[in-house]
Amino acid sequence: LAIFVAATVLLWNLADNWSKDGIHSDPEVETIRIFSYIGIGVSVLYTCVILVMRERIQLAIGVVKESARAMDSMKLIVLVPVLQAAGLVIFMVFWVIYCFFLASSGDVVIHTASYEYNSVEYAYSYRTFTYQPSIRYAFLFMLFAMFWTSEFLVAIGQLVIALSFSAWYFTKVKSSIGSGTVLWAIRTTIVHHLGTVAFGSLLVAIVRTIRAVVAYFQRKLKKTHNKVAEYALCCVQCCLGCLERCIRFINKHAYIITAIYS
């Protein structure tokens, strides 16, 4: 709000100065004046929005304060994203190695071609890899495995954090909550809720894999210049993107409900 008010005042003063210096034309002064009016309108609207949503804003401030208190009690929780990143890095090392093995398992085909330069024809050869359908399906499976594993690690972190904060919120004696609560949340997730995490991440991984296949066909269709098919696949990609966001939203709240009600 202060930024809008300051910008409006500066524009108003600038319009007054331009109207007196005799250098700028009247249309230029009027343009700056119009922008200052727009700034006044935006400032008034923003003030009204703040007044209407003041209870929501106070609630958000309260939630942030409680979250800060919980994080101060459970300092180990800041390491959860680090553990997720470390797990993903370890997985990606093996995943890249397997992908290199798959990429080198194709059949080498030597092609010959020629070109003419200064009425002289030159021949050259180049090599390409051709892959059997089973290898292509293996690549698709590796892509699906990457999606599922990454989403699985993200879901574990979400459930661990949800369990930690729910334990802190529903415990009357806050002094009994500490970094051990985070360890309890990790153990509870691994022992009791891995199925929930795996199923939720599986749904997202399936949709992401389908989106990757659709994106592959989109790149292929660009060479055919079939605009109708391109627009159709764009619509499919948009719908799949909306579906993925909906599943992520439902998953996140499902993990919170699981953390509260087990």
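**Close-up views of a predicted model**

**View 1. Phe217 and its ring partner Tyr216 in a predicted model.** With a relative accessibility of 44%, Phe217 counts as partly exposed, a class that lies between buried (under 20% relative accessible area) and exposed (over 50%), as judged with a 1.4 Å probe on protein chains only. Tyr216 is likewise partly exposed, its relative accessible area being 37%. Rings of Phe, Tyr and Trp (its six-membered ring) are paired if their centres lie within 6.5 Å, and the pair is called stacked when the planes are under 30 degrees apart, edge-to-face when they are over 60, and tilted for the rest. By this rule the count comes to three aromatic pairs.

The model is predicted, so local features need pLDDT of at least 70 and side-chain atom pairs count only at pLDDT 80 or more, whereas totals for chains, interfaces and linings use all residues. Residues are numbered from 1 along each chain as its sequence is written, and side-chain values use heavy atoms, with hydrogens and water left out.

**View 2. The aromatic pair of Tyr169 and Phe170.** Both Tyr169 and Phe170 are exposed. Their ring centres are 5.1 Å apart and their planes stand at 90°, so this pair is edge-to-face.

**View 3. Thr188 in helix 6.** Thr188 belongs to helix 6, which covers residues 179-192, where a helix is a DSSP run (H or I) of at least four residues, numbered from the N terminus. Thr188 counts as buried, at 9% relative accessibility. Leaving aside residues up to four places away in sequence, Thr188 touches Leu163 and His193, contact meaning heavy atoms within 4.5 Å.

Definitions and conventions: Helices (H or I, at least four residues) and strands (E, at least two) are DSSP runs, numbered from the N terminus.
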